[in-house]
Amino acid sequence: MPSVAARLALYQRTGGVITPILTALVAFMVGGLVVLATTGKNPLGTYKAIFDGTGLNWLFPWVGGAERTSAAFELQQTLILTVPLMLTALAVAFAFRCGLFNIGGQGQYAVGSIVGVQAGVWLSGLSRPVHIVLAVLAAALAGAVWAGIAGILKATVGAHEVITTIMLNYIALWVGSYLVGFGGPLQDPRDVSVPVTREVAQSAKLPVFWGDPVLQGLHIGFFVALGALVVYFVVLNRTTLGYEVRAVGFNAEAARYSGIKVGRSFFLAMAISGGFAGLAGAMDVLGWEFKLDLTEIQSSQIAFIGIAVALLGRNTAIGIFFSALLFGALLNGTSTRSLDPTVFKPELAGNLTHIIQGLIVLFVGADLLIVYLWQARRKLGIAGRAGGPRRKAEAGA
Amino acid sequence: MTVQAASVRAAGAWERVVGARGVGMLGIGLGALAFWLALPPVETRTVAVPVAIGIFAIAAGLWAASRGELRVGWGAVAAGILGILGGILATRSSVEHLEIVVTWSALTAATLRFATPLTFAAIGGMFSERSGVVNIGLEGMMLMGAFFGVWGADRTGSWLGGLVFAMAAGGLLALVHAFFAIHMQADQIVGGTAINFLALGITGYMYIDIYGTEGTPTDLAGVPDVQFGWLSHVPPHGLGNFLDDTFGQMNLMIWLAFAVLIVSYIVMFKTPIGLRIRSVGEHPRAADTVGISVYRIRYGSVVLSGVLAALGGAYLSIGFVHSFTENMTAGRGFIALAALIFGGWRPFGAFGAALLFGFSSALARRLPDAYGQSAGTLFEALPYILTLIAVAGVIGRSIPPASVGRPYKKQ
């Protein structure tokens, strides 16, 4: 019999796509049971209403007329949410491949959005492409520096990145609240009763390519996020840096003995991760928010959901795309604006999303559960008859 | 002969260490004194006093550090620098402003109120992490305690019922974490993240489903305060008043936190059970070899951590504000985790860190009255910066239990 670890490796090679899908399905089924048990409503009806709120029915060719118009609008909103989810998920995934758990996406995202919005306000007078590129780069750099602190601490004194990034999250939250909040240096001086920054210059706003720019259409940040997925894949799989990062992630000690500078990999992995998260902040403030307010800094959940996105997507570029789409759709579909309150209360649905996220992260983290179930299935004799004896023969040989 | 030589050498080493350690401790005290002299009631108005005393503190710290007492020595240096900075700031601002912010009895009482939920959760976390299971799900377990405390108090009509509900809910969620961390050998940090999501969803869902937009009932049974009228008669008069203002009317949960602190210290360091918990966290294989059930100890410790964290959450809801709002713990579980690490995975260390965090929260709430909103907001970042410095090893490295975060496979 192969060991559990070997089985796990085999299963990861063969069933890598199946499990995340199964995981998501199980989580949704549990969510449906919750709906049924607490409200007595048909979970399918609830999910249908949420689905209609996501705008994904736009993809069906038979949907037409007014329904198609509103579906297009909803889909734009879903994709707008997908952009920061993809990027903050990459921030988790890149560090994960280096064996680091970057739980600090929230702080890196906040730092990126603060720097992004200020670059958008201050650098006015530049031509549009230059202004956008500068603001976006400044935000990505700010995120990279913020995460880089955790990377340096990990590389030099071995401070655990989970603790340092949580601390950096709260430092970013409070310093950000100070900057943007009442009487803070970045607050819009024209109205001191509202804790919000000034609006970014027209030249810093990302162009909208689908939908009405006035009604919050889909901005080009969507392509930036898709590009980031490609960059992630290429850097990780086709460069020396990516090879070293993955080697450190597999076994830091072995990598050290083979001459890889482990500390340097830790630092670069964190800095690149932070760059992705900072980019996410820039896309949101330059793409559709245009200004940053106190509640946005204090209660944004985007980067935490990004953790779930990365885990469900198994830290692969393509997986992150689909799971970001799923979570973006869930977020938009359960928002007060999109979900029909007569079918299901949006406040309840929002919390249902949290439960589903929690279950997904819980199950994805427990690969062994699947392997155990697989073994139990074998013991119960449900497994294919051809498979069983052959395995035994292998083990005997 | 050799025994005698060894004992002489040991005595010499002991004296050397205590000497350097004592000087370092003195330095930390001097650093605090430098700041204190500039505050009410003494209110030194000249910068020279805090600066001079702060320099003494730094010198003492450097001397201690050069004698090998790194943790205490660098701590004294940091205390000296903070004392000088605080002293300069305090002497620069007006007496009226200082007296608005610094009312020692009110500050101490507020510090204890802010520190109590952190103390419960941090000590809970200590049990889990000392047994080898990382628990970043403390936040979620606190949140469960906060909601189920309210719900239990509402359903049973008594605060005791609320505490029972809270502890059961926190313990159950911790059991889920324990199952995935121990039996499923899942990554404990990922599992803890999932726990936090789940708690956010479960409490938010139930809150909306049960209480809707109305909010929790206003006539909720709360944990009572404990009155000590005789404290005001303690001589001298000033001390009596201070004690009465601070401890004369404190919530029962705060006293419970003190009890939990002392009991958990005794259990962890003076009983066989504590020894087992620590051995399972340091070297599970060795513990298993001598017949300790690693799984049972870990399950027990993790569930206990959930129960304690839930008590911290219940204090927030039915002990302090007497209501529940969505995500009301707002990151306190993570701060408790920081306090645990800052305190070196020890009960009194964690409590000291919780007091420090509580004090800076209390100060941050009072600063806006004199210095404006933004000063208070910026001040809220201080505990996190201190923790970051602490884990970076500048003030001596906190060393975690050796096997924390590693699943144990039975053989």
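This is a predicted model: local features need pLDDT of at least 70, side-chain atom pairs count only at pLDDT 80 or more; totals for chains, interfaces and linings use all residues.

**Notes on helices and two residues**

1. The face of α2(B) turned away from its buried side carries two exposed residues, A48(B) and S66(B). Residues are numbered from 1 along each chain as its sequence is written, and chains are lettered from A and ligands numbered from 1 in the order in which they are written.

2. The buried residues of α2(B) are P50(B), I53(B), G54(B), A57(B), I58(B), A60(B), G61(B), A64(B) and A65(B). They sit on the same side of α2(B), because they cover an arc of only 165° around the axis; the arc is that of the directions from the helix axis to the C-beta atoms.

3. As for length, α2(B) (residues 48-66) has 19 residues and spans 27 Å from its first C-alpha to its last, close to the 27 Å expected at 1.5 Å a residue. The expected span is 1.5 Å times one less than the number of residues. Helices are DSSP runs (H or I, at least four residues), numbered from the N terminus. Just after α2(B), G68(B) takes a positive phi of about 95°.

4. Still in chain B, helix α7 (residues 159-183) packs with helix α8 (residues 188-211) at an angle of about 155°, their axes 10 Å apart. That makes α7(B) roughly antiparallel to α8(B), a term for angles over 145 degrees. In α7(B), L173(B), V176(B), H177(B), F180(B) and A181(B) meet Q188(B), G191(B), G192(B), I195(B) and A199(B) of α8(B); contact needs C-beta atoms, placed from the backbone, within 7 Å.

5. Over in chain A, is A303(A) buried or exposed? A303(A) counts as buried because 28 C-beta neighbours lie inside 10 Å. This residue of helix α13 (residues 302-312) touches T88(A), G105(A), Q106(A), Y109(A) and A277(A), leaving aside residues up to four places away in sequence.

6. T39(A) belongs to helix α2 (residues 18-39) of chain A, and counts as partly exposed because it has 14 C-beta neighbours inside 10 Å. The C-alpha atoms of T39(A) and F344(A) are separated by 9.0 Å, although the two are 305 residues apart along the chain.

Key
A residue is buried if 20 or more other C-beta atoms lie within 10 Å of its own, exposed if 12 or fewer, and partly exposed in between; C-beta atoms are placed from the backbone. Two residues are in contact if their C-beta atoms, placed from the backbone, lie within 7 Å. Axes are lines fitted to C-alpha atoms, for helices over the stretch in contact, and angles run from 0 to 180 degrees between N-to-C directions. Angles under 35 degrees count as roughly parallel, over 145 as roughly antiparallel, 65 to 115 as roughly perpendicular and the rest as oblique.
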